[in-house]
Amino acid sequence: MAPLQRYDVLVIGAGQAGVPLAHALASQGRQVALAERKQVGGSCVNFGCTPTKAALASARLAHDARRASEFGVRIPSVDVDFAAVIDRARRIAAESRAGLEKGLQSGNPRWMRAHARLAGRDGKTFRVTVGGEELAAGEVVLDTGTRTRVPKIEGIAGVPFLHAGNWLDLQERPEHVIVLGGGVIALEMSQFYRRMGSRVTVIERSARIAKQEDQDVSAALQAALAAEGIAFRLQTTTESVARSETGVTVHMRRAGTAEAVQGSHLFVATGRKPNTDDLGLETVGVVVSADGIVTADERLSTNVPGIWVAGDIRGGPQFTHSSWDDYRILLGQMTGRGHRTTRRIIPYAIFTDPELGRVGLDEQQAQRSGRDVDVHRFEMARNGRARERGSAAGFIKVIVEKGSRLILGATALADQGAEMIHLYVDLMNAGAPARVLRDAIHVHPTLAEAAQSAVAGVTGD
C-alpha cells in the first residue's frame with residue numbers, strides 16, 4: 001500500500017481563522033493542507049458580513065432617499081430594484097471570495113475542495129479522509145463554523161424558508177416576511193426587507209428583542225425599528241407553520257391566546273448550530289458538548305494534544321473578528337510564542353440603523369458583579385453632528401469603575417455606533433482611565449464628540 005500523503009498541519013474549514021493560519025504556517029516552512037467542502041471565506045464572506053452589509057447599505061440609501069424632504073431635497077419617488085440590490089451584494093461577496101481563492105494557488109497551503117473527516121490516528125499522527133483521499137497530519141485545526149439552527153416547529157420541514165445561508169438566492173422582493181427570532185440576524189434582516197419595501201413581522205419568544213442587552217437599549221432599538229413599520233409579536237410561541245395561498249401561515253400563541261399571521265415568506269433566525277456532527281471527532285476522542293461545541297482551553301487546544309479549534313465551534317463569542325483573532329492565538333501557540341489567549345476584550349455590533357456597538361460589561365452585568373460603578377449616559381440628540389445628519393436617535397452608555405475610573409464597558413446605540421465603540425475598546429485594552437478620553441480634544445462637529453461627552457461627568461481623579 002502506498003504511504004499516505006503527510007502534512008504537518010491540516011486545517012479543516014476555510015473561514016476567518018483557517019485561511020490566514022494556513023498561509024502563516026506555510027510561510028514558516030510547514031507543509032499545510034486546507035480542506036473546505038463549500039466556499040472559501042466562511043459565512044462572513046459568502047452570506048454573512050460582506051453581503052449583508054452591502055445589502056444594508058442599499059437599504060440605508062433607499063431609506064434616506066424617502067426622507068430627503070427633511071433635508072430640503074425633492075425626490076419624487078424611490079424605486080427599489082430588489083434584484084439589483086441582491087446582485088450587488090452577491091458580486092461583492094464573489095469578489096472577496098475570488099481574492100481568497102487566488103491566494104490559494106501556490107500549492108502550499110494545498111487547497112482541497114472536499115469534506116474532511118477524522119478517521120483515527122497512528123501514534124501521534126492523525127488520519128483524515130478528505131473527499132476520496134486519505135492523508136496523515138501531525139496537527140489538525142478545526143474551523144468549520146455554524147449553520148442555521150432550525151427550531152422544532154410543526155410543519156416547518158414542509159415549508160421552504162429563508163435563513164442566513166440562502167437569503168441571497170431570493171431575487172424577487174418579498175411582499176411580507178415573517179421573521180422567527182429577535183437576535184442580531186433577525187433584526188438586521190428585518191430592517192433590510194422593510195427598507196426594501198416589504199412588510200415585516202418579527203415573532204420572538206422572549207419579552208424583548210436583543211435580549212442580551214440592557215432593557216433600555218433593546219426598548220430603544222425596538223422603538224426605532226417599529227417607527228419604520230416593523231411589527232413585533234413578543235412573548236409569542238410559534239406552534240406550527242404551513243403553506244398557504246399567499247405563501248405561508250404561522251400559527252402562534254401569546255398569553256394563552258391562539259393567533260395566526262399570513263406572509264409571503266418565512267425567515268428563520270433562531271440561532272446557529274455548530275458544524276461538528278460529521279467530523280469524526282469521536283474517532284480520536286475529542287470532547288464535544290451536547291450542543292456541538294468543541295471543548296477547548298484558553299489557548300484553543302482541545303483535550304486531544306495536536307487538535308486545535310477556532311471560530312464559532314470553539315464556544316464563546318461567535319463573531320468574525322473573534323474568529324480572526326483565533327488565528328493569531330493559534331499561530332502563537334503552534335509556533336512557540338503563546339502569549340495570546342482567549343482572555344481578551346471582544347466588542348461586537350448589530351448593524352441596524354441606529355447601529356448598536358457594545359464592549360465589556362453592560363449595566364445589568366455591572367450590577368450583578370457587585371462592583372462599585374458609575375453609569376454615564378449621553379443622548380445623541382444633544383450631539384450637533386447627529387442632529388445635522390438627521391440621525392439623532394439613540395444614546396451612549398458607559399460603565400466606569402468608581403475607584404480606578406477604568407472603563408468596564410460601553411454601549412453605543414447611535415449612528416455609526418459600531419465605529420464609535422472602538423474609542424472605548426482601545427482605552428480598555430490600554431488600561432487607561434476614562435479621563436484620557438474626557439480630557440482629549442476631538443474635532444468638532446463629529447459623532448466622536450458624543451463618545452467623549454458620555455464620559456464628561458467622570459470625576460475623582
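Reader: How many Å should the 18 residues of H3 span, and how far apart are its end C-alpha atoms?

Author: Good place to start! Before that, note that this is a predicted model, in which local features need pLDDT of at least 70 and side-chain atom pairs count only at pLDDT 80 or more, while totals for chains, interfaces and linings use all residues. Residues are numbered from 1 along each chain as its sequence is written, and side-chain values use heavy atoms, with hydrogens and water left out. Helices (H or I, at least four residues) and strands (E, at least two) are DSSP runs, numbered from the N terminus. The expected span of a helix is 1.5 Å times one less than its number of residues. For H3, that gives 26 Å, and its end C-alpha atoms are 26 Å apart, which agrees.

Reader: Which residues of H3 are buried?

Author: Buried means under 20% relative accessible area, exposed over 50%, and partly exposed in between (1.4 Å probe, protein chains only). In H3 the buried residues are Pro51, Thr52, Ala54, Ala55, Leu56, Ser58, Ala59, Ala62, His63 and Ala65. Helix H2 (42–46), helix H4 (82–102) and H5 are among the elements that cover them; here, contact means heavy atoms within 4.5 Å.

Reader: Now H6, please. What span should its 13 residues have?

Author: Helix H6 covers residues 215–227 and should span 18 Å; its end C-alpha atoms are 18 Å apart, so the two agree.

Reader: Where are cis peptide bonds found?

Author: One joins asparagine 108 and proline 109, with omega about 10°. Proline 109 is in the loop between H4 and strand S3 (110–112). Another runs from aspartate 353 to proline 354, with omega near 5°. Proline 354 lies in the loop between strand S17 (348–350) and S18.

Reader: How much space lies in the second largest pocket?

Author: Rolling a probe the size of a water molecule over the atoms shows where empty space is left. On a 1 Å grid over the protein atoms alone, a cavity is a set of points where a 1.4 Å probe fits but cannot get out, and a pocket is an open set with protein on both sides within 12 Å along at least five of seven lines; lining residues have an atom within 4 Å of a point. Grid points are joined across faces, edges and corners, and a volume is the space filled by probe spheres set on the points. The second largest pocket holds about 310 Å³. It is lined by 16 residues, of which Leu56, Ala57, Phe351, Thr352 and Glu355 are the closest to its centre. Helix H3 (49–66), helix H5 (184–196) and helix H10 (417–430) each give two or more residues to this lining, and H3 has the largest share, five residues.

Reader: Which residues does leucine 168 touch, leaving out those up to four places away in sequence?

Author: Leucine 168 touches Asn46, Phe47, Pro51, Ile86, Ala89 and Arg90. Leucine 168 sits in the loop between strand S7 (146–148) and strand S8 (176–180), and at 9% relative accessibility counts as buried. Its C-alpha atom and that of alanine 89 are separated by 8.0 Å, although the two are 79 residues apart along the chain.
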